[in-house]
Amino acid sequence: MTMAQLSLLFLLVAYSVAVSARSFRRQEDTFTNPINQAKGADPCMRLINGTYFMTSTQNTDISMWMSDTVEGLHTAEKITLFTDDTEGRNFDFWAPEFWYLDGTWYIYYAVAGNYDDNTHRMHVLRGGTDEADPSTGPYEYVGPLIPDNFDTWAVDGSILELDDARYFVFSGQQTDTPWTQCLYISAMSDPVTLTGDAQIISCPEYTWETAATPVQEGPEPITYDGTTYIVYSASHCSTIDYALGLLTLTTGANPMLAASWTKNSEPLFSKDEEAGVYGPGHHFMFQTGDGYYFAYHGKTLEDQYSCGDERTTRVQPFTFNSTGPVFPAPVAVDVAVPEPSLL
Ligand SMILES: *[C@@H]1O[C@H](CO)[C@@H](O)[C@H](O)[C@H]1NC(C)=O
Ligand SMILES: *[C@@H]1O[C@H](CO)[C@@H](O)[C@H](O)[C@H]1NC(C)=O
């Protein structure tokens, strides 16, 4: 072989190695929705030190799935973190969210008792201290989170951190007849203690917030480029019109006053009949090496008028522009979505 032939051979080998490495990576570089086949409502998902952790509403317990890819969550093992037979808080465990606050993992969740949905209140569990692993417990029950003025139906608690203060945001029953759910906020003195009264920050008013029942729930605060937003879910979860809406906090204003929040008149994210995605909402936003992604639940059949187990978890990227978060159209099931880079 001449020197020229040798270099050609080398180039060919290098090229085929590069091509096969690329196609190998391509295969692993996408995932498909949904992430689960049933019972995937109200997901919470985070990417921590190269691992995805996910919870969703299981009704009977609080469980987590973990994997080093989003695709891998399809086949991940269910890890049950908490069950509770205690009378008064043993029925319909909803929308657990896991938060690492002051060096410890906490899970905020709603639960009822006595087979009576009307008794739903927010509660908190305390878990381990390993920041890289929210699946390590044991998770222990701490107590209910009930504001002084609001021992009333409450669900979907989340945390707003702003200017060294911490607030609890949740959805509560404002009126019984007609049933109306508004968004509330309460100050926190530590991760397991609310202080003072809860205040209403926003109530459903637009047509897209009142399908079947006026509802604002699933509030998820996010601060980007100095502005704080709450992305929330609107309309009744049983409808195909369940959607995401946006509140923007006036910079420097007190988050406990309704007047400090401005609501967008249009939803950010809603059903896409062409893609066959109905009632998408109750999301959680998280950071990846490729910017922000969000997990949410959706339904596949147009006639699924229920808030049941047919809701499955889906994941997609989203971005921001100068007026806030910009969500894509919901993607159809089984369409390849780019696997995010790890942080
Ligand atoms: C992050 O993951 C790596 C690899 O699994 C592990 O060696 C490291 O200890 C983890 N970091 C933390 C802070 O736990
Ligand atoms: C940001 O995106 C939203 C949603 O697509 C759009 O309505 C809005 O006009 C955009 N704002 C700017 C400043 O581009």
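Is Lys 39 buried, partly exposed or exposed? Point 3 gives the answer.

1. Basis of the note. This is a predicted model, in which local features need pLDDT of at least 70 and side-chain atom pairs count only at pLDDT 80 or more, while totals for chains, interfaces and linings use all residues. Residues are numbered from 1 along each chain as its sequence is written, chains are lettered from A and ligands numbered from 1 in the order in which they are written, and side-chain values use heavy atoms, with hydrogens and water left out.

2. Cis peptide bonds. Asn 33 and Pro 34 are joined by a cis peptide bond with omega of about -5°. Pro 34 belongs to the loop between strand E1 (30-32) and strand E2 (44-48); strands (E, at least two residues) and helices (H or I, at least four) are DSSP runs numbered from the N terminus. A cis bond also leads from Thr 177 to Pro 178, with omega near -5°. Pro 178 sits in the loop between strand E11 (165-175) and strand E12 (180-190).

3. Positive phi angles. Lys 39, in the loop between E1 and E2, is not a glycine, yet its phi is positive, at about 55°. Lys 39 is partly exposed, as its relative accessible area is 26%; buried means under 20%, exposed over 50%, and partly exposed in between, with a 1.4 Å probe and protein chains only. Asn 114, likewise a residue other than glycine, has a positive phi near 55°. Asn 114 is placed in the loop between strand E7 (104-113) and strand E8 (116-126) and is partly exposed, with a relative accessible area of 48%.

4. Two buried side chains with polar contacts. His 282 lies in strand E18 and counts as buried at 3% relative accessibility. The side chain of His 282 makes a polar contact of 3.1 Å with the side chain of Asp 42. A polar contact is a pair of N or O atoms within 3.5 Å; within protein, one must be able to donate a hydrogen and the other to accept it, and residues adjacent in sequence count only if both atoms are side-chain atoms. Tyr 232, in strand E15 (residues 227-234), is buried with a relative accessible area of 0%. The side chains of Tyr 232 and Glu 209 are joined by a polar contact of 2.6 Å. From C-alpha to C-alpha, Tyr 232 and Leu 246 are 6.4 Å apart in space, and they are 14 residues apart in sequence.

5. Which residues are around ligand 2? They are Asn 321, Ser 322, Thr 323 and Val 326, where a residue is near a molecule if one of its heavy atoms lies within 4 Å of it. An oxygen atom of ligand 2 lies 2.3 Å from a polar side-chain atom of Asn 321, and a nitrogen atom of ligand 2 is 3.2 Å from an N or O atom in the side chain of Thr 323. On its own, ligand 2 has 360 Å² of accessible area, of which the protein covers 34%; accessible areas come from the Shrake-Rupley method with a 1.4 Å probe.

6. The cavity. The structure holds one cavity of 30 Å³ or more. On a 1 Å grid over the protein atoms alone, a cavity is a set of points where a 1.4 Å probe fits but cannot get out, a pocket is an open set with protein on both sides within 12 Å along at least five of seven lines, and lining residues have an atom within 4 Å of a point. The largest cavity holds about 30 Å³ of space. Its lining includes Arg 121, Met 122, Phe 168 and Phe 170, and E8 and E11 each supply at least two residues of that lining.

7. The largest pocket. This pocket holds about 590 Å³ of space. It is lined by 21 residues, of which Arg 46, Trp 99, Phe 284, Met 285 and Gln 287 are the closest to its centre. Strands that each supply at least two lining residues include E2, strand E6 (91-101) and strand E18 (278-288).

8. The second largest pocket. About 390 Å³ of space lies in the second largest pocket. Of its 24 lining residues, Trp 94, Trp 153, Glu 217, Cys 237 and Cys 307 are the closest to its centre. E6, E8 and E10 each contribute at least two residues to this lining.

Conventions
Points joined across faces, edges and corners; volume = space filled by probe spheres on them.
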